[in-house]
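Welcome! Let's walk through a few features together, one question at a time.

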Amino acid sequence: MIFLAAISDAASYGLASLMNISEWGTSMQVAVGVAAFMLLVNAYMVTKFLLHCWKMRDYAGPLPLPLVGNLLDPLFIRSLIVFISTMRKRYGKMFVIWPGNSPLLVVMEPKNVRQILSDTKRFPKGKRYTEFFGTGFGQGLVTSTHEKHKKDRACLGKYFIKGNLQQYMGKVAEFTGEAVQKYFEPNVGKEINLTEMYAMLTIRCFCQIALSRDMWKDWDDCKRFSEYVSEGSTIMGEHMAYGHPMWRIFPRTRKM
């Protein structure tokens with residue numbers, strides 16, 4: 001009986017060992033599979049990075065790293081605006097930055113910017129432009145392409161010609177003078193938030209011309225509206241720069 005019990009225990013131990021070996025082998029297969037998949041993804045991303053580098057070889061810009069681009073640059077970590085401003089002083093009015101594995105060509109020459117925005121045949125609007133701005137502005141003149149943009153421009157273009165805008169210049173000049181009085185004169189020798197001033201002035205001019213409503217009559221509402229516009233613009237700009245999709249699963253996108 002003792003002999004049979006010993007044989008039974010040995011058999012149970014051997015079976016358990018085989019099961020452990022089998023489980024270990026399965027775990028190794030899964031680990032190898034995951035590692036191979038990650039290796040393929042990294043190889044694809046690095047190859048894509050090298051192709052982008054070749055396409056953008058004629059443009060100056062800070063040296064990028066595969067996968068992360070310029071994201072580890074201390075200036076980029078501090079602020080995207082500060083980073084772009086510094087690169088503009090270093091490389092001029094046209095340069096490439098890398099907010100990740102894909103490049104962005106920064107154009108800061110007004111004449112070139114105007115051509116890019118107006119010549120849709122030579123410079124078609126990319127998916128980033130239409131998708132990200134479309135979330136905030138819908139499919140209108142800013143985001144439409146091809147025939148729809150042509151029709152929209154023919155319909156609305158007349159409102160943006162010099163002769164039509166000239167009639168509003170007096171009101172714009174009046175509002176600008178009042179903004180200077182409100183922001184500058186009481187704060188001589190102090191720091192002034194110019195971004196806030198221009199945002200509030202823009203909202204007042206736009207709402208007066210488009211809606212015949214003076215937003216400054218309710219200063220608190222105008223300021224809240226300005227903050228909403230600023231936050232929405234920041235969200236769209238950051239998603240566009242970093243290549244993050246504007247999906248509604250993101251709280252910031254839903255909030256906008």
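Q: Over which ring does the charged end of Lys182 sit?
A: This is a predicted model, so a friendly reminder that the values below are computed from it. The charged end of Lys182 lies 4.3 Å from the centre of the ring in question. That ring belongs to Trp219.

Q: How are the rings of Trp216 and Trp219 arranged?
A: Their centres are 5.2 Å apart, and their planes meet at 75°. Planes over 60 degrees apart count as edge-to-face, so this pair is edge-to-face.

Q: Is Trp216 buried or exposed?
A: Buried means under 20% relative accessible area. Trp216 has 13% relative accessibility, so Trp216 is buried.

Q: Which residues in H9 does H8 meet?
A: Helix H8 covers residues 169-183, and helix H9 covers residues 194-211. On the H8 side, the residues in contact include Phe175 and Tyr183. Their H9 counterparts are Glu196, Met197, Met200, Leu201, Arg204, Cys205, Gln208 and Ile209.

Q: Are H8 and H9 roughly parallel or roughly antiparallel to each other?
A: The axes of H8 and H9 come within 10 Å and cross at roughly 150°. The crossing is right-handed. Angles over 145 degrees count as roughly antiparallel, so H8 and H9 are roughly antiparallel.

Conventions. Residues numbered from 1 in each chain as written. Predicted model: local features only at pLDDT ≥ 70, side-chain atom pairs only at ≥ 80, totals over all residues. Heavy atoms only, no water. Phe/Tyr/Trp six-rings, centres within 6.5 Å; stacked < 30°, edge-to-face > 60°. Buried < 20%, exposed > 50% of the residue type's maximum accessible area, 1.4 Å probe, protein only. Lys NZ or Arg CZ within 6 Å of the ring centre and 35° of its normal. Axes fitted to C-alpha atoms, helices over the stretch in contact; angles between N-to-C directions. Helix = DSSP H or I, 4+ residues; strand = E, 2+ residues; numbered from the N terminus. Parallel < 35°, antiparallel > 145°, perpendicular 65-115°, else oblique. Left-handed = near helix turned anticlockwise from the far one by under 90°. Contact = heavy atoms within 4.5 Å.
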